[in-house]
Amino acid sequence: MEETQQRLIEKFLAGEASPAEQSMIQEMVHRDPQFKIELEQYTTAMEALKIAQREELRNRFRQRDIVLDRQDRSLNSGKNRTRWIIALAFVVMAFIAWNLRNLSPVMTEQPAPPPTELPEETTPITPNPDFATNVDNPEPEEKKIDPRRKPKNNNEELFAANFEPYMDESMEPTMRADEDTMEPLDRFNLHYAEKKFDAALTDFSQLSSSMQQNDNLQFRQAMALMATGKTKEASPVLDEIIQNGKSKYLAEAVYYRALIYLKEGRVSDATAYLNDYLGRPVIANMAKATQLRDMLTK
Amino acid sequence: MRAEAIYHPSAGHSRLYKMEKAKQSADTLILGLAGGDMSILDQIYDSYRDDFLRWATQRFQIKDRNDLLDAWHDTMIMFYEQVRDKKLTHLTCELKTYLFLIGYRRMLKFHKKNEKTDLVEEFDANINMDQSINVLEVEEFMDQQNNLLRLAVSELPEKSRQILVMRFMEGKSIPEIMTTLGYASENAVSVTLSRGLKKLKELIIKRMPS
């Protein structure tokens, strides 16, 4: 093909051929079969370029997809994180609000329990002789006690009145020897029996991890914690014992958990646990639990 | 080619104003894309991809995300070729509407939907689209012949391929190519161009003697 023809075809393929040039091309197509073939081959080459460019575009878009999907993932994880934080904040606020509500005086939840204090005696009022009053039988004015008015530490008093570290024959130490030579478990049993609860807690911490997981030993640990005023630490221990349901002190764990609830002012939970306790077949603190339950529910 | 849109008379001034602003923006994008600014194509792709996927999923009940992405790729390719070939120079509807119409036809064709949706109802406008958006072309993508053509192009030297694409696909002039690719003279560009075109023709003949 001549160079001029080549240039003409290139202009035609680029869409830059003038009308006169287009007519010339049409004439050559009709006149010269070889030119026609060449033109068709070049047109096919244009199609090849278009197809190749489509493939390049497709690859380009696939790369965009990777970038966009990565951005979407990070955006969504950020959104999810924010949502979780907000949800957690709501849960915490609701928990705090609920706890505050339960820590308020008992009178907001149930009818006033019977007064535990005798009304105070007051000195009789001597009527003023200047006034015409009924002085024949002056009645000593008794100070009326509002049954709804309770000491602020009543729950703690109830706790103290009803709590006593659990003890039974099986907890009696089997060996008494020099403490320094005793095994940690024996030392723990000894100190618990002797009501040396601080020392017992120290002994418990020295037990092996498997022993520390023993529910029966954990029950005594909870007793020692409660006896030393660490009820907050004792409550999860008792919860685990109750949840596991394996300990021979399971029922008693329920009772002591009720006492902790009572101390915390969670009367409804305490009542529920006392009812649960009283429904069990073999319990050691039936009288106390019954009296306490009745007191709380009146 | 002009794509026309008929707006509802009840459309408020604010809606019309927004659409006019959108059209001006779309025309600017088309102009830039026609001039070879491929970042505009990326911008359009990113802006409407997720909307398209959501719409197509709901409209055609397609679960396979790859199918949807293929459809979106084809849509964008067809849109680009319209702009490249100077068949689309101005929009009188929103760009998104135009793109979704292309995608709609593509989805209809390739997923053999029986029910025909009233396009007016679907896109809230009558859009007269150039029939050169031939959805059948998409079917040729996977054609054996097209594979051979693509392979022939891949055998070209990168420089030759680049010049050919710039000249015949992107419509760049010889002086523009000289400036962009740093050639010493326009003659050098012309010679390389001619040689590359001949080479491509020979490669095609070699693979497809018929």
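Q: What is the make-up by class of the lining of the second largest cavity?
A: In this predicted model, the lining has 5 nonpolar, 1 polar and 3 charged residues. Ala, Val, Leu, Ile, Met, Phe, Trp, Tyr, Cys and Pro count as nonpolar, Asp, Glu, Lys and Arg as charged, and the others, Gly among them, as polar.

Q: Why are α3(A) and α2(B) called oblique to each other?
A: Helix α3 (residues 33–103) of chain A and helix α2 (residues 38–60) of chain B pack at about 50°, with axes 11 Å apart. Angles under 35 degrees count as roughly parallel, over 145 as roughly antiparallel, 65 to 115 as roughly perpendicular and the rest as oblique. The pair is therefore oblique.

Q: Which residues of α3(A) and α2(B) make the contact?
A: With contact taken as heavy atoms within 4.5 Å, α3(A) supplies residues including A:Leu57, A:Phe61 and A:Asp72, and α2(B) supplies residues including B:Met38, B:Tyr45 and B:Arg49. The residues of this contact divide into 6 nonpolar, 1 polar and 9 charged.

Q: What conventions apply to numbering and to the values?
A: Residues are numbered from 1 along each chain as its sequence is written, and chains are lettered from A and ligands numbered from 1 in the order in which they are written. Local features need pLDDT of at least 70, side-chain atom pairs count only at pLDDT 80 or more, totals for chains, interfaces and linings use all residues, and side-chain values use heavy atoms, without hydrogens and water.

Note on methods: Axes are lines fitted to C-alpha atoms, for helices over the stretch in contact, and angles run from 0 to 180 degrees between N-to-C directions. Helices (H or I, at least four residues) and strands (E, at least two) are DSSP runs, numbered from the N terminus.
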